[in-house]
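Thank you all for coming. Please have a look at it while I talk.

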Amino acid sequence: MFEKLSEEKKTEILETGIAEFAAQGVDRANINVIARKAGISVGVLYKYYTDKETFFLACLKRSLDVLNSVLQEQITSSDKLLVRAGKIIRAVQKTSREHSNYIRMYNEITSGGSRKYAPLLAEKIEGLSSTVYARFIAEAAKNGDIRDDIDPRLFAFFFDNLLMMLQFSYSCDYYRERFKVFCGAENADDDELVASQLTKFLESAFTFRSSDVKHLEK
């Protein structure tokens with residue numbers, strides 16, 4: 001007889017899958033191992049998810065829903081751009097620490113072993129942030145809050161690249177060690193220092209016109 005799972009159990013299964021995909025990658029993750037760790041049979045898992053790919057995409061959807069819900073308030077606020085950017089940075093730090101498996105899975109699917117998912121996942125993962133970031137950067141430039149000699153879509157890309165690397169630096173082993181090499185181990189856990197320095201970096205990028213930069217003078 002078909003075993004109906006509670007919502008709590010479904011969440012547990014997805015979290016188990018996320019942890020396994022984060023650790024092993026999409027190709028190497030084993031459905032039998034996931035089922036055993038979740039305390040269910042493979043047959044039960046396949047009653048809800050027809051195959052490994054369907055299950056992986058369900059795990060990905062859960063992780064994206066959680067991460068997007070955390071960032072949504074900052075993304076849609078009416079704060080000026082640099083204030084909003086500071087809040088987004090702190091939200092990224094918080095979620096990267098609390099949901100490190102989600103970030104590690106994100107890192108894993110960007111690798112070569114998962115290239116077949118690239119077109120689908122790039123749009124699914126990056127679509128919302130790319131549109132929203134470009135919009136509020138364009139609005140800030142139009143309102144005179146930041147420099148107006150920029151391409152909003154390119155600046156949105158550069159901004160998101162910084163956030164992506166920050167996520168990886170808090171969650172992924174190699175990038176965590178890289179973080180310590182560049183910043184010092186004593187600074188890698190000082191979230192407020194990192195957030196304030198990154199905000200200053202963005203402040204310079206968004207507010208200085210080329211004519212204001214002294215080292216460009218001949």
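Let me begin with a definition: a residue is called buried when its relative accessible area is under 20%, exposed when it is over 50%, and partly exposed in between, using a 1.4 Å probe and protein chains only. Please keep in mind that this is a predicted model, in which local features need pLDDT of at least 70 and side-chain atom pairs count only at pLDDT 80 or more, while totals for chains, interfaces and linings use all residues. Residues are numbered from 1 along each chain as its sequence is written, and side-chain values use heavy atoms, with hydrogens and water left out.

First, the overall picture. The chain has 11 helices and 0 strands, where helices (H or I, at least four residues) and strands (E, at least two) are DSSP runs, numbered from the N terminus. Along its principal axes, the C-alpha trace spans about 75 × 35 × 30 Å, and of the 218 residues in the chain, 41% count as buried.

Now let us turn to helix α1. The axes of α1 (residues 7-28) and α2 (residues 31-38) come within 9 Å and cross at roughly 135°, and that makes α1 oblique to α2. Here the axes are lines fitted to C-alpha atoms, for helices over the stretch in contact, and the angles run from 0 to 180 degrees between N-to-C directions. As for the word oblique, angles under 35 degrees count as roughly parallel, over 145 as roughly antiparallel, 65 to 115 as roughly perpendicular, and the rest as oblique. The crossing of α1 and α2 is right-handed; a crossing is left-handed if the near helix is turned anticlockwise from the far one by less than a right angle, and right-handed if clockwise.

Alanine 19 also sits in helix α1, and at 28% relative accessibility alanine 19 counts as partly exposed.

Next come the charged pairs. Side chains of opposite charge can pair when their charged atoms come close. A salt bridge here is a side-chain nitrogen of Lys or Arg within 4 Å of a carboxyl oxygen of Asp or Glu, and by this rule the count comes to 14 salt bridges.

What lies within one helix, to start with? Glutamate 7 forms a salt bridge with lysine 10, with the closest N and O atoms 3.2 Å apart, and both residues lie in helix α1, 3 residues apart, about one turn of the helix. An α-helix has 3.6 residues a turn, so residues three or four places apart point the same way. Glutamate 7 counts as exposed, at 53% relative accessibility, whereas lysine 10, at 22%, counts as partly exposed.

Which partner does glutamate 15 have in a salt bridge? The partner is arginine 62, and the closest N and O atoms are 2.7 Å apart. Glutamate 15 lies in helix α1 and arginine 62 in helix α4 (residues 52-75), so the pair ties together parts that are 47 residues apart in sequence. Glutamate 15 is partly exposed, with a relative accessible area of 26%, and arginine 62 is partly exposed as well, with 25%.

A further pair is aspartate 189 with arginine 97, where the closest N and O atoms are 3.6 Å apart. This pair links distant parts of the chain, 92 residues apart, with aspartate 189 in the loop between α10 (185-188) and α11 (191-207), and arginine 97 in helix α5 (residues 81-98). Aspartate 189 is exposed, with a relative accessible area of 52%, while arginine 97, at 37%, counts as partly exposed.
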